Amino acid sequence: MRRRLGPLLARTLLVALAVMVIAAALLWWFGVRDALEPSVVAGAVSAQAPQPRQAASVAAGAYLARAGNCKGCHTRRGGAEYAGGRAIETPFGVVHSSNLTPDALTGIGAWSAADFWRAMHHGRSRDGRLLVPAFPYANTTRVLREDSDALFAFLMSRAAVEQANPAPALRWPFGTQPALALWRALYFRPAVWQPDAARSPAWNRGAYLVGGLGHCSACHSSRNAWGAEDTERQVGGMVQGWYAPSLLRAGEAGLGDWDERDIVALLRTGVGARASVSGPMAEVVLHGTQYLSNPDLSAVAVYLRSMQTGSPRVTQSSAPLGLGSAAGSRLYEKHCANCHGDSGEGVSGAYPALAGNRAVLMGDSRNLVQMVLRGGFAPATDGNPRPFGMPPYQVLLSDGDIAAVLTHIRGAWGNSAAALSELDVARHRGGPLR
Amino acid sequence: MAQRMLACTPCHGEQGRAAPDGYYPRIAGKPAGYLFNQLRNFREGRRHYALMAGLVDPLSDAYLLEIARYFSALKLPYGPPAAMAAPAGRRGETLALKGDAALGIPACASCHGSALTGVVPHVPGLLGLPRDYLNAQLGAWKTGHRRAQSPDCMAQVVRRLGDDDAAAITLWLAAQALPGQPGPAGKAPQRAPGSIACGSAPELGGASP
């Protein structure tokens with residue numbers, strides 16, 4: 001028996017090995033095959049048409065850069081705009097955004113419009129290297145060539161800033177070219193924007209902005225173990241200690257039952273009748289969406305409304321529904337009622353209502369905890385230039401007190417969400433800041 | 001405006017007159033240009049305190065200036081200085097008022113005003129602040145954790161300041177009562193030729209290093 005099993009086992013192993021090698025080769029091929037497309041071959045790239053630098057193109061590019069909030073990632077705190085260097089935390093280590101100013105050595109000064117298009121569309125650097133998908137090329141691949149050229153013209157019209165890109169600090173093997181090729185084989189296909197003829201022009205424009213340059217899904221989707229967007233589950237994503245709620249679900253950031261007007265107001269000013277923006281989204285409104293034209297914001301609203309297909313997420317929580325304690329109620333009266341009202345009704349234009357507020361009721365409570373711990377202002381937009389601020393309660397209240405008052409809020413005035421524990425608060429105290 | 005600024009009160013106190021915990025500085029009545037510079041320093045990473053940075057991150061320059069002017073315009077009485085554990089020595093007073101030419105340390109008063117109550121619009125007063133706060137600022141400047149616009153005159157001064165001297169200065173400063181006119185001086189003091197220029201306070205003049 002033993003003698004006959006030996007060769008059989010060996011043969012099986014050999015076949016398995018061969019299958020694995022072939023599979024790996026195929027995956028590799030799928031990951032890098034775009035390198036042979038005519039637009040990507042080096043000679044073809046440099047032979048492309050001269051770079052458009054007309055004023056109209058620069059202005060269009062400046063607008064698109066805001067639509068994508070490129071500056072948000074490509075500027076470090078206090079640094080020159082678009083000169084990169086901001087550390088982006090990922091589950092695989094830290095990457096740094098790159099210098100997009102026209103400096104020849106450290107920026108993209110030596111790039112052509114075609115090189116730039118290749119980065120946007122194929123996720124490849126000028127030298128053909130595969131880029132780390134922290135740069136959301138799964139989204140920007142949908143950007144039209146003319147828009148990519150305008151963005152490039154805008155970036156090249158700015159002053160060059162010499163600032164070397166810090167080396168990425170990704171754990172091995174993430175970030176190596178073979179790993180990226182494998183990742184791309186599994187999760188990335190260059191896409192060409194195709195309007196849906198059955199939908200309105202506004203819907204299509206919205207879909208183009210939201211799915212392409214706006215890269216909303218980059219934050220508002222959960223990611224699988226390999227960092228690829230997972231929209232099937234209709235769960236939001238984690239950003240800098242905040243939860244970017246799902247745009248696909250009611251009860252999260254789903255907008256199916258919102259008026260188009262309210263969506264536009266929120267993205268234009270940062271505050272609206274039904275919500276206000278905080279955390280990383282405040283940055284997006286401040287640097288990005290507030291500058292979009294009325295037709296574009298309306299288009300975005302039309303598309304966002306159509307995205308919501310999921311019902312509220314039922315969270316499995318062992319915590320009882322919020323049965324506020326007397327202590328929680330007392331804390332509310334002392335610290336919160338002055339602004340948010342005795343019945344959580346808020347003050348229009350200044351303080352959000354807490355009764356029926358979905359950020360209060362969401363299953364994932366971290367944003368609520370973050371807001372209480374850190375306090376904050378709505379973004380100072382042109383439409384809301386002098387926002388009201390909330391104190392950072394981490395200097396006033398213990399974790400237990402914050403849990404008690406939030407449990408009260410989540411169970412009062414018709415609210416019905418799970419109680420929070422001291423631990424739910426403690427794990428966010430002293431959270432990260434870029 | 002007070003209603004819009006409630007986010008500031010838990011640390012900086014009602015009307016910005018400092019809270020009882022003995023660390024966070026009073027902001028009421030400080031020169032507006034100084035406060036504006038500090039708000040921008042937090043937003044732009046020249047000063048580091050996560051809570052402050054998080055608060056000012058989404059705010060515009062225009063609003064930060066309005067905030068600075070609001071707190072600057074609050075003229076409120078000061079309380080008596082906190083009781084010190086040790087008596088303030090001569091060395092602290094000498095450094096604050098005369099400096100130490102041998103070590104290249106200018107007097108605090110040569111920039112912060114002869115009464116040490118600051119100079120409009122950019123130079124802060126040094127009196128009425130908790131000693132812990134003063135110590136933390138000198139320490140942060142020494143390690144590069146706190147910075148000002150370049151040329152950073154304060155960083156250059158602090159680099160020449162030994163730990164014992166820094167401690168002597170803060171002990172003396174924190175023990176001083178405010179003068180009858182606690183507000184910042186209207187005019188920059190006459191400084192010695194060759195004094196260091198300050199990027200954050202052009203009104204002081206001085207030479208670039």
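Domain bounds, as used here, come from an automatic or database domain assignment. On that basis chain A divides into domain 1 (42–187), domain 2 (201–307) and domain 3 (326–426). The model is a predicted one. Taken over C-alpha atoms, the centres of domain 1 and domain 3 of chain A are separated by 39 Å.

Chain A contains 19 helices and nine strands. Of its 434 residues, 44% count as buried. When the contacts of chain A between residues at least 6 apart in sequence are considered, 67% of them join residues at least 24 apart.

One element of chain A to examine is an open sheet of three strands, which has the order 1-2-3 and antiparallel pairing. The edges are taken by strand 1 (87–90) and strand 3 (169–170) of chain A; each has a single partner strand, so one side of each is left without a neighbour in the sheet. Strand 1 of chain A pairs with strand 2 (residues 93–96) of chain A over four bridges, in the antiparallel sense. Within this pairing, A:Ala87 has A:His96 of strand 2 as its bridge partner.

In the loop between helix 4 (70–73) and strand 1 of chain A lies A:Tyr82. Its phi is near 65 degrees, a positive value in a residue other than glycine. A:Tyr82 is also buried, since 24 other C-beta atoms lie within 10 Å, where 20 or more are required. The other feature belongs to the loop between strand 3 and helix 8 (177–187) of chain A, where A:Pro173 is placed. A:Trp172 and A:Pro173 are joined by a cis peptide bond, with omega about 0 degrees.

A further positive phi in chain A is found at A:His215, which is not a glycine and has a value of about 35 degrees. A:His215 is situated in the loop between helix 9 and helix 10 (217–220) of chain A. Is A:His215 buried or exposed? A:His215 counts as buried, because it has 24 C-beta neighbours inside 10 Å.

Helix 13 (residues 294–307) of chain A comprises 14 residues. From its first C-alpha to its last it reaches 20 Å, close to the 20 Å expected at 1.5 Å a residue. The buried residues of helix 13 of chain A include A:Asp296, A:Leu297, A:Tyr303 and A:Met307.

Chain B is assigned domain 1 (6–72) and domain 2 (90–204). Their C-alpha centres lie 20 Å apart. The contact between them takes 15 residues from domain 1 of chain B and 21 residues from domain 2 of chain B. On the side of domain 1 of chain B that touches domain 2 of chain B, the residues divide into five nonpolar, six polar and four charged.

Helix 5 (residues 90–97) of chain B has B:Gly92, B:Leu95 and B:Ala96 as buried residues. These three cover an arc of only 100 degrees around the axis, which puts them on the same side of helix 5 of chain B. An α-helix has 3.6 residues a turn, so residues three or four places apart point the same way. The buried residues of helix 5 of chain B pack against helix 6 (109–112) and helix 9 (163–175) of chain B. Just after helix 5 of chain B, B:Gly99 adopts a positive phi of about 75 degrees.

Chain B also has a cis peptide bond, from B:Ser150 to B:Pro151, with omega near -5 degrees. B:Pro151 is located in the loop between helix 7 (131–143) and helix 8 (153–159) of chain B.

The contact between the chains remains to be described. It brings 22 residues of chain B into contact with 21 residues of chain A. Helix 1 (9–12), helix 3 (50–56) and helix 4 (61–72) of chain B each supply at least two residues of the side of chain B that touches chain A. Helix 3 of chain B gives the most to that side, with five residues. By class, the side of chain B that touches chain A consists of 13 nonpolar, five polar and four charged residues.

Technical notes:
Residues are numbered from 1 along each chain as its sequence is written. Chains are lettered from A and ligands numbered from 1 in the order in which they are written. This is a predicted model: local features need pLDDT of at least 70, side-chain atom pairs count only at pLDDT 80 or more; totals for chains, interfaces and linings use all residues. A residue is buried if 20 or more other C-beta atoms lie within 10 Å of its own, exposed if 12 or fewer, and partly exposed in between; C-beta atoms are placed from the backbone. The arc is that of the directions from the helix axis to the C-beta atoms. Two residues are in contact if their C-beta atoms, placed from the backbone, lie within 7 Å. Ala, Val, Leu, Ile, Met, Phe, Trp, Tyr, Cys and Pro count as nonpolar, Asp, Glu, Lys and Arg as charged, and the others, Gly among them, as polar. Two strands pair if DSSP finds at least two bridges between them. The expected span of a helix is 1.5 Å times one less than its number of residues.
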